[in-house]
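Student: I would like to learn how to read a few features of a protein model, going from the whole chain down to single residues. Could we take them in turn?

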Amino acid sequence: MATTEAKVAGSSSAAGLSWARVCKECGQQHEGSDCHLYEYQDEVDDELVCHICLQPLLRPMDTPCGHTYCFHCLSNFLKEQDFCPVDRQRLQLHQCRPSSLLVRNLLDKLTVMCPHSTECQLKMQRCELQPHLHNRCPVFRRLREEAEKRKRPSWNELKGRKSDGESSADAKHSATLSQNPTRDQPEPGLINPAYEESEDDNTPLRSSLVAEANVVELFREEPEEELGLRIVGGKDTPLGNIVIQEIVRDSLAARDGRLAPGDHILEVNDVSLASVPHSRAIAVLRQPSVLRLTVMQEKGFKTRDPRSDHLPSSGPAPTASQPSHSPHGNANSNHNPGSVLQVTLVKSQRSEPLGIKLIRKSDESGVFILDLLSGGLAAKDGKLRNNDKVLAINGHDLRHGTPESAAQIIQASEVRVNFVVMRPAEPQEEGGGSREGHSRAARRVPEPQYFRRRSTYIKDPPGGFSSQEKTVSMKKEPRLSLGITIAGGRDCRSRLPVYITSVQPVGCLHRDGTIQRGDVLLSINGVDLTQLTYNEAVSVLKAQTAQSQVALRVIQTLSENPDEDSEANKDDMDTMEDPRDDALNWTPLWTRWLGLPSPMHWCRDIVLQKTNNESWGFSIVGGYEESHGQQPFFIKTIVPGTPAHFDGRLKCGDEIVAVNGATTVGMNNSSLIPMLKLQKNKVTLTVVSWPGSLV
């Protein structure tokens, strides 16, 4: 048996602690690259101790030669060496696998003491320490409150576009320490309706907008495993930064749970993404094995309402503090998707079941309540309902979680289990809520004409992006195939035009060489293909291909950045040569859509509603600039706990083409900011949305 010494440096007293330096997971002060520190109360079996750090294992990894180490310790060791630390057999990190669930459960059940023992002497299982810190520890709460009182930098200081010469380390330093005196003026083109407050608003509920730089390590068990991120942005786009648009359900990133849509990726394995084009960032993110991501994460607005102190406002789930954003308890019910509720269940003993059945849905990410068991604790409490969407449990963000992860959090909880749930809006007969509810229903069961809404807003693509039409006319045998596979269609999730996913070597188009993967179909033999569903396009192509004369018109998007085209072509070639590739699942990079002319765009209206004192909850980049000319307006950030966040339809990278029916073409910041601020309770945004590049 090994006796594990409690590490008390900086933890024996709250004196000298600061919110910026304390670890938000273990509560101790240590460097971000160091392992977490815990004060273990009992002797720990040698089999559960890492042979590198000589501490109980954290995220244990098994080697092929039968040894177990902390993931962090082993990955750092293998950066310098290529052998097992114990028997010196050849070893690479991708050969290692996470330890069994039994071992991880034994480690999670080790007894630890709160690191702030001078004021909090509670003992608990190791897996319960983080929820304890964020929900119950008085020292941790006081540090958080003190940090919130200090003046924080403006949004533009945190999110302004970095110049080419600025290092990402400086960017992280300025965001983390909230000190950046050199940026007094906002970057041209960056506006912030999420944070701007009306001058006549004498009772603002928000005190500051908080963003933190965090490090997230992801380990692929298989080198070809997808991270499950959709990425937008890049130096060659108006967004500038690399931003996560979406987390794919059941993916590696979704299971990990620490990344979220809207996170800005600053570095990958110490490679800065501050000044790289989109395609280069995708190549860096597709590195095999371990990825160490430095990300800027929004934590939402902090409120001045002292009644919100009991909420886990600094926990991993920013949604947990949402109910305090409104001065009225039911204000959230005005948001289109439904109302956000906070429910606390108190168990008579720690092992008592809650009586809740959780499921996932095929058409929406997240965890939902299927049923409440009769006689169970939740059913007796009566506040949770069937079909409630679970946003967070005990401060853990579950917006993209799974029923399995939710069950583990509940099992590891103490007697109090705090739920944050979203309840679907009740049907309304009149008013904006009824209209919006109908709109959401229409998205699930779309009518045919819903797919065919052409853009009526004529505008130019972003600077550096364009397109060219190509036409191929040929005579062929009626039975000879064109040799292409297609995807998209106006009935797909992103309402994409039909595009080519592969050009087969056996077809007649391959021999011609003009048509390439990623080209968007315009027409065949004069029949328009731009607004068809997938099945309609397939039927038209089959009918026209049966003729002896075929004239095919396509459009190809172009980028003025040579790195973009070369990286994209290399990606296409690599994917074509991979026999495991499924051509039907291939999608172009996000930047390939930007060059399409506006008649090819599919527009949608998104209606947001709020109370007078709330912000809309998104920031925008773009508009007219002397240095860049006219640029479209893009959504750059969506702030947690705001109407835009809870509505769920706006995404980072979406282009705003109109506000309340008025086109944004030709507008600059000074025109669009007042327009958005004047909309006190309701605004209609007309947007164009393209799917981010899949990593």
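Predicted model: local features only at pLDDT ≥ 70, side-chain atom pairs only at ≥ 80, totals over all residues.

Tutor: Residues are numbered from 1 along each chain as its sequence is written, and side-chain values use heavy atoms, with hydrogens and water left out.

Student: How many helices and strands does the chain have?

Tutor: Helices (H or I, at least four residues) and strands (E, at least two) are DSSP runs numbered from the N terminus, and the chain has 17 helices and 32 strands. Of its 695 residues, 53% are buried, where buried means under 20% relative accessible area, exposed over 50% and partly exposed in between, with a 1.4 Å probe and protein chains only.

Student: What is the strand order in the open sheet of 3 strands?

Tutor: In general, strands of a sheet pair through backbone hydrogen bonds, either parallel or antiparallel. Two strands count as paired if DSSP finds at least two bridges between them. Here the order is E3-E2-E4, with antiparallel pairing, and the edge strands, each pairing on one side only, are E3 (68–70) and E4 (97–98). E2 and E3 pair over 3 bridges, and Asp62 has Thr68 in E3 as its bridge partner.

Student: Which helix packs on this sheet?

Tutor: Helix H1 (residues 71–80) does, touching E2 and E3, and its direction makes about 95° with that of E3; axes are lines fitted to C-alpha atoms, for helices over the stretch in contact, and angles run from 0 to 180 degrees between N-to-C directions.

Student: What is Leu74 in contact with, beyond its neighbours within four places in sequence?

Tutor: Contact means heavy atoms within 4.5 Å, and the partners of Leu74 include Ile52, Met61, Tyr69 and Leu93. A nonpolar core is a set of buried Ala, Val, Leu, Ile, Met, Phe, Trp, Tyr and Cys residues joined through side-chain atoms within 4.5 Å; in the largest one, of 39 residues, Tyr38, Leu74, Leu93 and Cys137 touch the most other members.

Student: Where are Arg59 and Asn660 placed?

Tutor: Arg59, a residue other than glycine with a positive phi near 50°, is in the loop between strand E1 (39–40) and strand E2 (60–62), and is partly exposed at 42% relative accessible area. Asn660, also not a glycine, has a positive phi of about 55°; its place is in the loop between E29 (655–659) and E30 (662–663), and at 41% relative accessibility Asn660 counts as partly exposed.
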